[in-house]
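Thanks for making the time this morning.

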Amino acid sequence: MSILRTNIPTKYILTALLITSLATSHLAQGSGSSNNNNIKDESGVEYETSNTEEEAVENEIEPHYAVLFPWFVESLGLVIYYLLTRYAKWLPYTGVLFAIGALMGYGATK
């Protein structure tokens, strides 16, 4: 079945893909948390350091999360789309996805 023959408008699919790519790029760049133990080199690039090995292991992003996260976000977007089209047609899809993405980003930094 072709994606063009489905009832899902293209803008919703493109929005979900954009959110997935933005979230994946955020994971690849790291959380960007400011730590007092950061070191700056001569060019001004800041490198994160940790006090102990346990802290370093705790702050490390596992590579399998980079593979699983886009699938999770796509699945979440499909569930939200289904629920909104059935039960809350007045609620904008992109607004809901933005709010959930913001909450996920906030949760990832804490």
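Accessible areas here come from the Shrake-Rupley method with a 1.4 Å probe, and for residues only the protein chains shown count as cover. On that basis the chain exposes about 8900 Å², of which carbon and sulfur atoms supply 62%.

A word on the source: this is a predicted model, in which local features need pLDDT of at least 70 and side-chain atom pairs count only at pLDDT 80 or more, while totals for chains, interfaces and linings use all residues. Residues are numbered from 1 along each chain as its sequence is written, and side-chain values use heavy atoms, with hydrogens and water left out.

The chain has four helices and two strands, taken as DSSP runs numbered from the N terminus, with helices being H or I of at least four residues and strands E of at least two. From the N terminus on, these elements run α-β-β-α-α-α. Of the 110 residues, 13% are buried, where buried means under 20% relative accessible area, exposed over 50%, and partly exposed in between, with a 1.4 Å probe and protein chains only.

Which residues make up the largest nonpolar core? A nonpolar core is a set of buried Ala, Val, Leu, Ile, Met, Phe, Trp, Tyr and Cys residues joined through side-chain atoms within 4.5 Å, and the largest has eight: Ala16, Ile80, Tyr81, Leu84, Ala88, Tyr93, Val96 and Leu97. H3 and H4 are the elements that give two or more residues to this core.

Let me stay with H4. This helix covers residues 93-109, and its 17 residues, at 1.5 Å a residue, should span 24 Å, which agrees with the 25 Å between its end C-alpha atoms; the expected span is 1.5 Å times one less than the number of residues. Tyr93, Val96 and Leu97 are buried in H4. Seen down the axis, the buried residues of H4 fall within an arc of 95 degrees, so they line one face of the helix, the arc being that of the directions from the helix axis to the C-beta atoms. The face of H4 turned away from that buried side carries the exposed residues Phe98, Leu103 and Tyr106.

Ile19 and Leu97 are 78 residues apart in sequence, yet their C-alpha atoms are 8.4 Å apart in space. Leaving aside residues up to four places away in sequence, Ile19 touches Val73 and Leu97, contact meaning heavy atoms within 4.5 Å. At 25% relative accessibility, Ile19 counts as partly exposed.
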